[in-house]
Amino acid sequence: MAENNFDVIIIGAGPGGYVTAIRAAQLGLKTAVVEREHLGGICLNWGCIPTKALLRSAEVYRNMKHAKNYGLSCDNPSFDFEAVIQRSRGVSKQLTGGVGHLLKKNKVTVINGEAKFDGPKKINVEGKDKGTYTARHYIIATGARARSLPGLEADGKVVWDYKKAMTPDKMPKSLVVVGSGAIGIEFASFYHTMGTDVTVVEIMTQIMPVEDKEVATLAQKMMTKDGMKILTEAKVANLKRNADNVVVTIETKDGKKQELTVDRVISAVGVIGNTENLGLESTKVKVDRNVIGTDEFSRTAEPGIYAIGDVAGPPMLAHKAEHEGVICVEKIAGEKNVHPLDPRKIPGCTYCHPQVASVGLTEAKAKDAGYDVKVGKFPFIGNGKAVALGEAEGLVKTVFDAKTGELLGAHMVGTEVTELIQGFVIAMGLETTEEDLMHTVFPHPTLSEMMHESVLDAYGRAIHF
């Protein structure tokens with residue numbers, strides 16, 4: 001049984017699991033990772049990476065359609081939809097292969113199969129590498145799956161979940177997307193750009209409900225200007241599924257109903273943690289609504305069992321899972337100066353057109369928390385690089401504590417803001433004040449100058465607008 005005994009066993013090889021496994025091995029721990037399906041998990045196979053490949057194809061196609069704006073000629077641009085999908089799958093395959101190489105390089109044992117606890121001290125694995133395995137520490141990193149609402153269940157034919165939306169059998173001419181979180185709005189953006197007639201249905205008062213209201217409102221304005229239909233404070237009251245289309249009944253908050261007949265529906269109403277069939281009932285691990293209860297170092301109620309990533313609760317983001325895993329295993333290994341992850345300093349990125357990115361508190365949440373705030377804003381139209389790129393719509397917004405100058409939050413909408421946001425993430429991590437940011441030299445001409453101007457604006461010192 002010696003080959004079945006480890007210091008650490010990680011259950012799940014998504015971004016949280018495989019990164020944790022590699023860090024554990026680097027720390028000298030004998031490490032194994034159990035995976036029932038694909039190395040890289042949802043992120044690399046069905047989420048973060050392949051969707052970005054699709055959105056990149058859409059971005060290039062959008063630019064082709066607007067070539068005349070740049071003094072270029074690209075008559076009658078078109079696309080091969082099957083080739084677009086195949087490119088996305090190829091990108092995914094390339095990166096999942098890379099994960100396997102990294103695990104092997106770091107001498108992490110990969111156990112292929114599905115793990116189930118048999119009490120708190122061992123797991124049984126069913127599958128290719130069937131057997132009983134033991135470890136001093138177990139880290140649950142099983143991720144999450146698409147939430148399914150009654151009446152909105154995906155059938156893989158006319159009602160799609162995210163997997164089918166990435167590998168469709170044909171390009172739909174019309175589409176209803178239910179839910180406008182990151183997953184829903186990214187698919188809406190992709191299909192709309194490729195020519196589908198898209199309607200987004202969101203039950204909340206704004207799209208991307210976790211984002212700053214002003215930023216979300218501007219994003220919605222830009223999307224509707226581009227031709228996308230967006231209905232907020234609305235819900236899908238009924239679906240009638242036909243052989244090759246769906247009749248969707250949409251009800252607004254005032255009780256008014258309308259019917260739309262569309263080729264396909266994408267259900268994107270959130271995700272829930274994968275806590276079932278893990279044998280957790282044989283341990284002291286506590287689960288509440290598919291979320292495993294943990295402390296700041298990912299420890300569960302059962303000594304020696306930990307949980308990270310989506311299965312440990314929101315924000316359900318790959319980079320959060322990775323950092324939680326590293327912190328967890330460094331604590332296990334006895335590393336010094338291991339600090340808990342501050343959820344307020346975790347950035348969020350949505351790769352629709354326009355992009356949206358944020359970190360920290362929104363203006364409303366900062367006020368609700370009792371802060372007296374100073375708010376700075378700078379529009380893309382005032383930035384030379386944005387105008388030169390032909391991307392002059394957007395906004396950078398910063399929220400400061402008026403008393404201390406602490407940066408409480410930053411919120412952006414516009415081209416490439418998912419790349420810009422990290423500057424503010426670093427600033428928050430270093431506890432940078434408004435004075436530090438105002439004295440920082442930003443290169444010209446860059447989009448990042450808008451970050452500087454937004455800070456200046458919070459204190460009445462903006463130069464270019």
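Visitor: What counts as a salt bridge here, and how many does the structure hold?
Guide: A salt bridge is a side-chain nitrogen of Lys or Arg within 4 Å of a carboxyl oxygen of Asp or Glu. The model is a predicted one. By that cut-off, the number of salt bridges in the structure is 26.

Visitor: Which parts of the chain does the salt bridge between Glu 186 and Lys 52 tie together, and how far apart are they in sequence?
Guide: The two side chains meet at 3.1 Å, N to O. Glu 186 belongs to helix H6 (residues 182-193) and Lys 52 to helix H3 (residues 48-65), so the pair joins parts whose separation in sequence is 134 residues.

Visitor: Is Glu 186 buried or exposed?
Guide: Buried means under 20% relative accessible area. Glu 186 has a relative accessible area of 8%, so the word for Glu 186 is buried.

Visitor: Which elements hold Glu 363 and Lys 397?
Guide: The side chains of Glu 363 and Lys 397 form a salt bridge of 2.8 Å, N to O. The pair ties together parts that are 34 residues apart in sequence, because Glu 363 lies in helix H9 (residues 363-368) and Lys 397 in strand S23 (residues 395-401).

Visitor: What relative accessible area does Lys 397 have?
Guide: Glu 363, at 19% relative accessibility, counts as buried, since the limit for that word is under 20%. Lys 397 is buried as well, with a value of 1%.

Visitor: Which residues are linked with Glu 363 and Lys 397 in a network of salt bridges?
Guide: The pair Glu 363 and Lys 397 meets in a salt bridge. The network that includes this pair also takes in Asp 212, Glu 214, Lys 367 and Lys 377.

Visitor: Which element gives the largest share of the largest nonpolar core?
Guide: This core has 36 residues, and Phe 190, Tyr 191 and Met 208 are among those with the most contacts inside it. Elements that give two or more residues to the core include H3, helix H4 (81-105) and helix H7 (213-225). The largest share is five residues, and it comes from H6.

Visitor: Which residues does Met 208 touch, leaving out those up to four places away in sequence?
Guide: Met 208 is one of the residues with the most contacts inside the largest nonpolar core. With residues up to four places away not counted, Met 208 touches Ser 180, Ile 185, Ala 216, Ala 219, Met 223, Thr 350, Cys 352 and Val 356.

Visitor: Which element gives the most to the lining of the second largest pocket?
Guide: The second largest pocket has a volume of about 570 Å³. Its lining has 26 residues, and Leu 55, Arg 56, Glu 59, Gln 355 and Glu 416 lie nearest its centre. H3, H4, H6 and helix H11 (417-429) each give two or more residues to this lining. The most, eight residues, comes from H3.

Visitor: How many nonpolar residues are in that pocket lining?
Guide: Sorted by class, the lining of the second largest pocket has eight polar and eight charged residues. The nonpolar residues number ten.

Visitor: Which element gives the most to the lining of the largest cavity?
Guide: The structure holds one cavity of 30 Å³ or more, and the largest cavity has about 40 Å³ of space. Arg 62, Ser 189, His 192, Thr 193, Met 223, Asp 226, Met 228 and His 353 line it. The most, three residues, comes from H6.

Definitions and conventions:
Residues numbered from 1 in each chain as written. Predicted model: local features only at pLDDT ≥ 70, side-chain atom pairs only at ≥ 80, totals over all residues. Heavy atoms only, no water. Helix = DSSP H or I, 4+ residues; strand = E, 2+ residues; numbered from the N terminus. Buried < 20%, exposed > 50% of the residue type's maximum accessible area, 1.4 Å probe, protein only. Core = buried A, V, L, I, M, F, W, Y, C linked by side-chain atoms within 4.5 Å. Contact = heavy atoms within 4.5 Å. 1 Å grid on protein atoms, 1.4 Å probe; cavity = no way out; pocket = protein on both sides within 12 Å on 5 of 7 lines; lining within 4 Å. Points joined across faces, edges and corners; volume = space filled by probe spheres on them. Nonpolar A, V, L, I, M, F, W, Y, C, P; charged D, E, K, R; others polar.
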